[in-house]
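Please read the following account alongside the sequence and the model.

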Amino acid sequence: MKTIAYYISDYGYGHATRSTAIIRELLKQNEQIEIIICHSFAIEFLRQSFIYEHRVRFREILTDIGYVLKENSLEPDADSLNHQVASYVSSFHTRLAYERHFMKVANVSFVISDISPLGIAGAYLLNLPSLGISNFTWSTAYEGLIGELSLEFLEKRYKQMTYQFSLACSDEPHWGMKENQSFGFYSREINDCEVKRIRKEIDPSAESHIIYFGLGMKVDIGTLSDLPIWQSPNCKFIVSSNVDVAHPNVYKIPQDETETQHYVAAADLALTKAGWGTISEAICAGVPLLITNRSSMKEDRHTIDYLVRHQLCDCVEWKELENLLVTPSLIEKCRRQKVNYYKNEAIHIAKEINKKIKST
């Protein structure tokens, strides 16, 4: 039995949900591995996602910083982000000593990271193979937001990965020392019966358009409840459990629900920020996308540029969203996208990862 350490970024739920899709496929395809998930922010969500899987263990540890947003905004707080990343970098040597000890004691033979630099650096220190899988790295995502010294530090860590699996929307350098591969979109499996059940629960008469409104579990915008969008005629909205909106047309995903991909798949339109996880779930389910634009974030710009270039989304500025109503013409416009042309690549990606694991 080989032990795999799987490091998941601590920013939001997107990295946790997409990592869940890959981990499930890895375990399904390879009975000779066990996986230790290293993560903190969404650790309870991950525990519930693998509650019946005896080959998955959990190690609660801060893996990275992610973004820090301004209050009541989708935009980054550069000052606070600089401070937190600088603190993370200054303590990295101590953190790395813990990772080295953990990997040796746990007899780790392979490291996967989405996309924390910590596991990659730990593997390099012990001469273990590592694989980075993501549409971005924090060293490129932070460009223009943090200081050059911190950026250079992160860049050196990412250059230590053995293999790089770049996902759709990526505009990254080739970080992998041995190999670099590119893949498309993927998500957790979608059960059609569950999707139909959700649609019936939200819209029993089947007379409304169902809109998935996803700003992310780490976004806290106090003025959301005042938006006129909730008054859109013949529309029902799905929102995360943490969204503070009370309206008869708004359905909140239950707080203990783990298979949230079914709620995205149940929608006629997904209105979301440019988070890769939700976007990928929508595309894999054939759901049209309306993306809120954050030009100050390089990751978002790369994602939106890719989606627009491949006719996979329409865009709306945050200022436009403040007065937006969802209309039949808007939905019809978004339906012209080519989201139905893409398949879920989780099985293919897991096969390629398992090849690397078996070769070690």
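**Helix packing, loops and cavities**

Helix α1 passes α14 in a right-handed crossing; a crossing is right-handed if the near helix is turned clockwise from the far one by less than a right angle, and left-handed if anticlockwise. Helices (H or I, at least four residues) and strands (E, at least two) are DSSP runs, numbered from the N terminus. The model is predicted, with local features requiring pLDDT of at least 70 and side-chain atom pairs counting only at pLDDT 80 or more, whereas totals for chains, interfaces and linings use all residues. Residues are numbered from 1 along each chain as its sequence is written, and side-chain values use heavy atoms, leaving out hydrogens and water.

The axes of α1 and α14 lie 9 Å apart, and the two helices pack at an angle of about 60°. Here axes are lines fitted to C-alpha atoms, for helices over the stretch in contact, and angles run from 0 to 180 degrees between N-to-C directions. α1 and α14 are therefore oblique to each other, given that angles under 35 degrees count as roughly parallel, over 145 as roughly antiparallel, 65 to 115 as roughly perpendicular and the rest as oblique. On the α1 side, Ile22, Glu25, Leu26 and Gln29 meet Ala346, Ile347, Ile349, Ala350, Lys351, Ile353 and Asn354 of α14, contact meaning heavy atoms within 4.5 Å. This contact of α1 with α14 has 7 nonpolar, 2 polar and 2 charged residues; Ala, Val, Leu, Ile, Met, Phe, Trp, Tyr, Cys and Pro count as nonpolar, Asp, Glu, Lys and Arg as charged, and the others, Gly among them, as polar.

The largest share, 4 residues, comes from α1. Among the lining residues of this pocket are Ala21, Arg24, Glu25 and Lys28, together with Ala346 and Ile347. By class, the lining of the second largest pocket divides into 3 nonpolar, 3 polar and 6 charged residues, and the volume of the pocket is about 210 Å³. On a 1 Å grid over the protein atoms alone, a pocket is an open set of points with protein on both sides within 12 Å along at least five of seven lines, a cavity is a set where a 1.4 Å probe fits but cannot get out, and lining residues have an atom within 4 Å of a point. Grid points are joined across faces, edges and corners, and a volume is the space filled by probe spheres set on the points.

Attention now turns to α5. Helix α4 (residues 92–105) and α5 pack at about 60°, with axes 9 Å apart, in a right-handed crossing. Residues of α4 in this contact include Phe92, Leu96 and Met103, and those of α5 include Pro117, Leu118 and Ala121. The contact of α4 with α5 comprises 8 nonpolar, 2 polar and 3 charged residues.

Helix α5 (residues 117–125) also packs with α7 (residues 148–158), at an angle of about 55° and with axes 8 Å apart. That angle makes α5 oblique to α7. The crossing of α5 with α7 is left-handed. Pro117, Ile120 and Ala121 in α5 meet Leu154, Arg157 and Tyr158 in α7, a contact of 5 nonpolar, no polar and 1 charged residues.

Isoleucine 115 lies in the loop between β4 (108–114) and α5, and a cis peptide bond with omega of about -15° joins aspartate 114 to isoleucine 115. In the loop between α5 and β5 (130–134) is asparagine 127, whose phi is near 60°, a positive value in a residue other than glycine.

Finally, the model holds 3 cavities of 30 Å³ or more. Pro117 and Leu154 are among the residues that line the largest cavity, as are Asp64, Tyr88 and Trp138. This cavity contains about 50 Å³ of space, and its lining has 7 nonpolar, 1 polar and 1 charged residues.
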